[in-house]
Amino acid sequence: MEYGIICVLPVLTILVIAVATKRTLFAMTCGLTVAAFILAGNITGFAETFFNYLYVSMTNETMQWIALVIAIFGMLIKLFERSNAVQDFGYWAGRFIRTEKQAMFGTFILGVVIFLDDYLNNLAVGTTMKGMTDRLRIPRTQLGYVVNTVAAPVCLLIPLSTWAVYFSALMKDQGVLVDGSSTTAYLHGLPFAFYAWLAVIVVILQILGVIPKIGPIRKDYERAKATGNVFPEGTDEELISSVTGADELPEGYKPHPWNFLVPLIVMIAVTLLAGTDVLMGAAAGLVVAFLMYLIERKMSFMELLTACYDGIISMGFIFILTLLAFAVQGANLDLDLAGYIISVTEPVMKGGFLPAVTFIVCGIYAYATGCFWDLAAIIMPLVIPLANAMGVDPILVSAAVFSGAAFGSNTCLYGDGVIMCSQGVQIKSVNLMLATMPYALIAAGGSVILYLITGFVL
């Protein structure tokens with residue numbers, strides 16, 4: 001069935017309600033409701049359609065994998081908090097990080113170091129740095145912007161990450177090879193991953209002050225400097241009060257970083273050794289942290305178990321949001337949102353315009369649907385044959401697809417990247433999206449120009 005322009009209604013519903021109410025779960029539920037009405041075609045079939053998407057979301061293997069990762073990270077983060085491991089690391093690092101720029105560059109560098117996977121990056125870096133940035137009165141939206149923006153682009157640019165492995169496999173499927181190798185083809189395409197490069201450059205320039213604080217970040221800076229409140233407007237008072245004053249240590253206490261660094265290093269090492277399997281890495285980090293704190297008598301056995309339980313419970317919001325996100329993604333696929341976007345832009349997918357239009361289409365689709373890896377699997381079989389037929393470099397077009405996916409990961413309200421990062425820095429997804437969007441659009445605008453130039457030159 002052809003739905004036409006009506007297929008964009010669920011996405012518009014989510015964006016409008018989320019921005020107006022700052023209630024992401026409510027917005028997602030409304031969007032799924034609209035999609036279910038459209039797909040059911042009548043009121044009687046609405047409920048069955050609505051719950052069917054939730055059921056399919058629960059049975060999705062990727063959703064189940066993410067749920068396990070979220071649960072383990074929840075336990076690990078709670079152990080870090082209860083044992084004062086993050087607090088100790090923050091005070092130890094505070095000896096070297098004393099200014100706002102140092103804190104933000106420290107965040108940036110840590111994001112580059114943890115390049116293996118964007119989930120690991122978003123959760124680990126935000127958890128690590130928020131204590132230090134709070135003491136320097138740096139807004140959580142500023143911290144979230146840096147963490148979120150570095151995560152996906154760095155995973156795209158460093159060819160050892162989960163992103164690189166997946167995207168090079170897609171290039172192989174489409175016959176995009178150099179010397180018979182898709183990995184070599186991927187490496188040849190990295191200079192053309194313009195959004196990833198520009199997003200990283202924009203972050204650096206924003207930290208240096210060359211690009212000014214704009215949008216929500218500017219407002220949050222003004223409030224943080226005046227009141228010390230680093231959270232966005234509308235944040236629950238309970239969360240603000242739980243953070244305020246929570247970093248005081250007894251007089252004469254000497255903080256040590258190892259209770260935080262050792263589990264983190266183990267997590268990264270095992271993730272790499274397990275073939276970039278974040279689940280195995282997170283589980284290894286959790287076991288190491290549990291045993292360390294037990295042996296050091298930081299916490300009793302029962303306190304450790306309680307912390308693990310509380311950690312899982314603390315991730316309840318993320319569980320539900322991710323569940324709804326997968327349900328909405330499924331509905332968008334059945335509404336053929338991708339097909340509609342492609343049909344609208346197909347008339348200009350010609351010759352030298354192809355790379356730029358591909359990036360725009362992929363960026364819009366990724367932002368609207370929250371699908372990034374799925375996006376590449378859908379779009380690649382469409383645009384690579386077009387590139388070959390028109391004499392456009394397929395490596396350049398592939399890079400445009402991957403760049404569009406990175407843009408979506410940075411900006412989509414209900415994308416897994418934004419969801420994970422917002423949890424790591426403890427702000428709402430909509431606040432992170434609004435803070436990131438102005439800078440992401442700067443990088444995206446520059447990318448369109450560069451794709452137009454290279455499209456005609458190459």
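**Before you click**

You're looking at a predicted model, where local features need pLDDT of at least 70 and side-chain atom pairs count only at pLDDT 80 or more, while totals for chains, interfaces and linings use all residues. Numbering runs from 1 along each chain as its sequence is written, and side-chain values use heavy atoms, with hydrogens and water left out.

**Stop 1: helix 22**

Select residues 416-425, which form helix 22. Helices here are DSSP runs (H or I, at least four residues), numbered from the N terminus. Is this one buried or exposed? 10 of its 10 residues are buried, so helix 22 is largely enclosed by the rest of the structure. "Buried" is under 20% relative accessible area, "exposed" is over 50%, and "partly exposed" is in between (1.4 Å probe, protein chains only). Among the buried residues are Asp416, Met420, Cys421 and Gln423. Now step just past the end of the helix to glutamine 426, which takes a positive phi of about 60°.

**Stop 2: the second largest pocket**

On a 1 Å grid over the protein atoms alone, a pocket is an open set of points with protein on both sides within 12 Å along at least five of seven lines; a cavity is a set where a 1.4 Å probe fits but cannot get out; and lining residues have an atom within 4 Å of a point.

The volume of this pocket is about 610 Å³. A volume here is the space filled by probe spheres set on the grid points, which are joined across faces, edges and corners. Which helix gives the largest share of the lining? Helix 17 does, with seven residues. Helix 3 (46-59), helix 9 (162-173), helix 20 (373-390) and helix 22 are among the others that supply at least two each. By class, the lining has 16 nonpolar, 11 polar and five charged residues. For that count, Ala, Val, Leu, Ile, Met, Phe, Trp, Tyr, Cys and Pro are nonpolar, Asp, Glu, Lys and Arg are charged, and the others, Gly among them, are polar.

**Stop 3: the cavities**

Rolling a probe the size of a water molecule over the atoms shows where empty space is left. The structure holds three cavities of 30 Å³ or more.

For the largest, with about 60 Å³ of space, select Phe73, Leu76, Ile77, Phe80, Leu123, Ala124, Thr127, Thr128, Phe260, Leu264 and Met267. Helix 4 (61-82), helix 7 (118-135) and helix 14 (258-273) are the elements giving two or more residues to this lining. The lining has nine nonpolar, two polar and no charged residues.

The second largest cavity, at about 50 Å³, has a lining that includes Leu156, Met171, Tyr186, Leu190 and Phe402. Helix 10 (182-189) gives the most to that lining, with three residues.

**Stop 4: two helix pairs**

Show helix 3 and helix 17 together. Their axes come within 8 Å and cross at roughly 115°, which makes helix 3 roughly perpendicular to helix 17. Axes are lines fitted to C-alpha atoms, for helices over the stretch in contact, and angles run from 0 to 180 degrees between N-to-C directions. Angles under 35 degrees count as roughly parallel, over 145 as roughly antiparallel, 65 to 115 as roughly perpendicular and the rest as oblique.

Next, pick helix 8 (residues 140-157) and helix 11 (residues 194-208), whose axes come within 9 Å and cross at roughly 150°. That makes helix 8 roughly antiparallel to helix 11.

**Stop 5: loop residues**

Most residues other than glycine have a negative phi. Arginine 137, in the loop between helix 7 and helix 8, has a positive phi near 60° and is partly exposed, with a relative accessible area of 36%. Jump to the loop between helix 9 and helix 10 for aspartate 179: its phi is positive too, about 55°, and the residue is exposed at 76% relative accessible area.

Finish at aspartate 393, in the loop between helix 20 and helix 21. Aspartate 393 counts as partly exposed at 25% relative accessibility. Its C-alpha atom is separated by 10 Å from that of phenylalanine 456, 63 residues apart along the chain.
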